[in-house]
Amino acid sequence: MSGLLVATLVLGLAGCVAGAASPIGIRTPLSVALTLAACAGALAVGVAVLVRGRAVSFHDQHLLPLSGFNLRLDRFGALFVVVSAGVAVCALVYRLGYDGHGLSSRTASAVLPAFVTTLLFVPSASDVTTFLFFWELMALTSLLLVLADHRHRAEVPVAGQWYAVMTQFGAAAILVGLVLLATHAGSQSFAAIAASSLHMRPWVRSAAFVLVVIGFGSKAGAVPLHVWLPRAHSESSGPVSALMSAAMVNLGIYGIVRVGDGLLHGGPVWWWLMVMAIGALSALFGALHSATSRDLKRLLAYSTTDNMGLVLLAVGASGLFAVTGRHALALVALVAALLHVVFHAVFKGCLFLSASSIQQATGTRDLDSLGGLLRRMPVTGSVFLVGGLAMAALPVLCGFVSEWLLLQSMLHGLPSKDPAVAVAMPVGVGVLALTGGLAAFTFVKAAGIGLLGLPRTEAAARAREVGPAMTGGSGVLAALCVLLGVAPFLVLPAVIDAANGVLGRRGPDPLVRGWQVGLSGVHGVLAPGILAAVLCAAVGTVALVRAAVEPGPVRVAEAWGCGRELQTARMEYTATSFGEPLTRVFEDVLAPSHDVDISHVAESRYYVEAATVHTSTDDGFERRLYAPAQRALRRFGTAARSVPNGSVHRYLAFGLVALVLVLVLVA
Amino acid sequence: MTSTWSVAADAAISVLQMAGVVLGGPLLVGLMRTVRCRLEGRVGPPVRQPLLDLRKLARRQRTRPEHASWIFGLAPLLLVATTLVVAAVAPLLATGPALGWSADLFAVVYLLLLGSVALALGGLDTGTAFGGMGASRALTIGAVAEPALLVSILALSVPAHSSNLPAIISGSLAHPLWLATPERLLALAAFVIVIVAECGRLPVDNPGTHLELTMIHEAMVLEYSGSDLALIKLGESMRLGVLVALFAVLFVPWGIATSPGPEHLAVSLVSLVAKVAVLGVGLAAFEVGVAKLRLFRVPELMAGAFVLAVLAVLSALVLA
């Protein structure tokens with residue numbers, strides 16, 4: 001098996017070389033084919049690890065200087081490898097039909113295989129250096145891919161800057177946190193850190209945990225470090241945005257769970273309350289912004305923040321249960337978190353790919369310029385509908401099952417002596433419920449405004465269905481949304497094994513391992529398959545009854561327009577007007593800006609010549625946190641300019657002072 | 001042999017419940033309308049008028065706006081089908097309908113949400129301003145009602161250690177004192193407010209209005225006609241019926257059949273009809289006295305319900 005792991009790495013590198021060196025005619029097919037082979041290898045290794053339960057390792061002392069190159073894929077890592085590989089296969093197939101956005105350039109063709117390969121290998125690293133090597137490579141390659149289209153759109157470089165700064169900030173926090181642990185463990189291998197972490201001093205453990213939560217949280221898009229995510233995910237090309245939103249953000253969750261549960265074996269109550277608070281805040285903030293956004297891909301990106309927030313909520317609940325000695329429930333909550341990671345990858349990949357198809361077909365991702373696409377792009381439209389239903393956590397699609405399990409874990413956590421648990425659980429349920437309602441609102445807005453009704457622009461009216469590679473790549477994920485929603489038992493055992501693996505837990509599982517989902521020993525389970533069958537039967541019966549009683553075929557008629565002759569798209573509700581009631585309800589949080597500009601006719605002030613209204617809801621954190629921080633940094637930079645005035649004496653003095661300070665600190 | 005019999009009996013109960021909700025929902029709406037009229041000093045239509053309306057509408061041809069897609073025709077089907085599934089799995093007449101083990105209160109809530117989402121998409125599919133307006137308003141209210149709904153379910157589930165409906169009801173039958181606890185009463189208050197919002201009754205929405213400034217539900221379904229409109233009216237009244245019945249068995253469970261047998265079922269049916277009728281009359285009498293709230297005051301009502309529900313959970317924990 002370790003041979004296959006190496007083969008995967010070699011195939012990924014070959015794809016990278018093929019993208020860089022092969023002639024333009026065969027560049028894309030060759031590099032994509034090699035990367036697909038790498039994904040197939042990773043899928044094989046991952047599934048084998050999950051099924052057999054034995055980890056696969058590979059060690060080489062020469063590939064990386066000083067530390068060596070150490071891989072060890074256990075069940076927990078394998079789950080993430082399988083998810084990344086699955087998403088990557090669909091995104092790569094989709095990429096074969098996708099053009100534009102600078103993806104065909106030599107750089108992008110060489111970097112895409114490298115990005116996919118790092119996604120596959122971050123969860124297999126088994127020491128600090130190897131991990132950080134892949135982590136940084138992932139950040140760099142994804143940054144290059146975000147920037148692929150920088151020549152054509154001015155927003156791309158801005159998105160790239162935000163992403164570069166935030167990802168480097170996060171990587172620095174992770175580096176310091178992991179180095180802190182490695183120093184105190186005396187070894188940088190994860191196994192050694194896990195073995196000695198319980199003997200470390202509390203402040204070391206806490207400092208390391210807070211640092212990695214910051215670092216990995218920024219990758220997962222957790223508030224307030226999420227600002228790069230809506231920009232980078234919406235400005236990048238279709239396959240890249242799917243890979244980032246469905247596979248890369250998961251690795252932030254991977255890192256937090258790996259360090260918090262795997263290396264540090266849990267910690268005090270406040271760690272997990274902090275994780276829960278970050279999760280709840282991210283979920284609410286992301287859900288609100290995605291409900292009021294009118295840019296299709298930005299809406300999906302904010303929904304990623306929302307869903308990763310829910311996952312963090314579950315991870316925090318799991319840690320909290322473990323601290324209070326309820327290990328079975330801790331497992332249930334962690335399974336809910338990991339299940340949501342898997343399902344989110346499936347439906348968000350599906351949504352980003354179909355949204356990119358819409359963008360390619362119409363040339364825009366502004367919902368207020370779309371409309372009527374379900375009739376013009378039936379396959380892509382249906383795929384988007386299925387993914388959206390799963391995103392809204394509606395039965396009987398996959399998002400529903402994981403949210404249901406999370407609700408169960410919180411419910412059974414409840415009769416609790418611990419006041420922290422007693423307060424956190426109802427608040428968590430409230431957050432989950434509100435984000436659920438907002439997700440339904442978001443889905444109806446995106447699908448109803450974008451796909452239904454009349455086309456709002458000429459471009460939307462001319463839209464045609466995209467090619468088979470693109471519908472195929474996104475269609476497979478849509479089919480998975482349905483399949484996993486109806487039959488979650490296909491992945492549930494693997495997820496339970498992965499969670500058991502990282503918690504180091506043995507013993508009977510608190511979860512039913514059958515075709516239903518539920519907690520054993522508790523009355524009441526969820527049988528999504530039965531629910532789906534009953535629902536389909538009910539729809540069929542009602543349709544038959546309707547057909548039996550109605551007198552004739554459906555008459556196609558004009559819509560009622562209050563006496564108007566002609567119904568035009570100008571009469572339709574737009575995404576902005578659809579979100580307006582919600583924007584007003586949450587005015588205090590969203591703080592929308594509203595500009596009305598009225599110009600009058602020169603002759604009389606009683607006649608209006610033109611009126612423009614401009615409303616926007618920009619990110620509150622960007623305005624209140626990042627803008628002041630940027631101003632302060634700029635002031636500091638300007639002020640510091642006077643310090644290096646060109647005098648060599650002064651520089652030598654700086655050097656001397658710094659040296660003395662270091663010596664004092666070391667001594 | 002006995003197990004086959006009991007499965008058949010449970011399935012029969014499910015079918016009976018579905019039939020009861022299909023008939024009882026419109027009758028409940030008719031009853032509420034009559035009570036309202038009488039209290040306002042009018043004679044009003046007979047109680048069975050909604051059923052007559054449904055028969056009339058079902059025989060008419062349905063129309064579809066020219067720009068609508070297949071979603072438009074699917075939405076009424078989904079609205080009725082989701083409510084039918086809820087009627088099949090919820091323990092209304094007996095504690096063990098055929099599929100009662102397979103779904104819980106959370107599943108019920110999300111199934112009803114699926115129906116609302118389908119209807120909102122149907123409204124947007126027409127491409128008119130009314131459809132979008134209704135969909136936007138309905139879902140805004142739905143989104144802010146959701147926390148109160150789920151947390152009040154949590155308050156009901158905590159004493160039973162399960163969100164499974166039969167488990168909750170059997171629990172409160174076994175421990176009648178649960179029903180008078182503060183958490184029950186608080187959850188009850190929150191639940192009533194949410195039912196009023198979910199069913200689009202006064203003071204959240206006025207089902208009788210067709211004034212464009214105040215319409216919510218009616219704006220969404222303006223383009224439906226004939227058998228489609230019949231399905232939507234049926235679905236809405238079924239929803240009201242099933243939620244009121246669920247409320248009745250959750251908070252006043254006595255009378256529900258705990259063991260199979262036609263005599264138990266008959267008692268259960270009579271008591272359920274009586275409870276639902278009393279609740280319906282009460283709701284109608286309440287509606288006479290209130291006016292519709294401004295749309296932007298509704299979230300405050302829902303926030304109040306949410307606070308009640310959180311208090312219910314906390315008092316369940318403190319007093320436990």
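This is a predicted model: local features need pLDDT of at least 70, side-chain atom pairs count only at pLDDT 80 or more; totals for chains, interfaces and linings use all residues.
Residues are numbered from 1 along each chain as its sequence is written, chains are lettered from A and ligands numbered from 1 in the order in which they are written, and side-chain values use heavy atoms, with hydrogens and water left out.

Let's look at two cysteines. The closest cysteine sulfur to that of A:Cys536 belongs to A:Cys481, and at 16 Å it is too far for a bond. A:Cys536 is exposed, with 57% relative accessibility; exposed means over 50% relative accessible area, buried under 20%, and partly exposed in between, using a 1.4 Å probe and protein chains only. In chain B, the sulfur of B:Cys199 has its closest cysteine sulfur in B:Cys37, 19 Å away and too far for a bond. B:Cys199 is buried, at 10% relative accessible area.

## A serine between two helices

Now visit A:Ser293, in the loop that links helix H11 (269-292) to helix H12 (296-323) of chain A. Helices are DSSP runs of H or I with at least four residues, strands are runs of E with at least two, and both are numbered from the N terminus.

Why does A:Ser293 count as buried? Because its relative accessibility is 9%. Leaving aside residues up to four places away in sequence, A:Ser293 touches A:Arg298, A:Leu299, A:Leu367 and A:Lys445; such a contact means heavy atoms within 4.5 Å. The side chain of A:Ser293 also reaches the backbone nitrogen of A:Asp295, at 3.4 Å.

## A pair of strands

Strand S1 (residues 56-60) and strand S2 of chain A pair in the antiparallel sense over five bridges; pairing requires DSSP to find at least two bridges. Across this pair, A:Asp60 stands opposite A:Phe69 in S2(A). Four of the five residues of S2(A) (residues 69-73) are buried, so the strand is largely enclosed by the rest of the structure.

## Space in chain B

The largest cavity is lined by 25 residues, and those nearest its centre are B:Ser116, B:Ala138, B:Ala197, B:Glu198 and B:Arg239. A cavity is a set of points, on a 1 Å grid over the protein atoms alone, where a 1.4 Å probe fits but cannot get out, and lining residues have an atom within 4 Å of a point. Which helix gives the most to this lining? H5(B) does, with seven residues.

Note on methods: A polar contact is a pair of N or O atoms within 3.5 Å; within protein, one must be able to donate a hydrogen and the other to accept it, and residues adjacent in sequence count only if both atoms are side-chain atoms. A disulfide is a pair of cysteine sulfur atoms within 2.5 Å. On a 1 Å grid over the protein atoms alone, a cavity is a set of points where a 1.4 Å probe fits but cannot get out, and a pocket is an open set with protein on both sides within 12 Å along at least five of seven lines; lining residues have an atom within 4 Å of a point.
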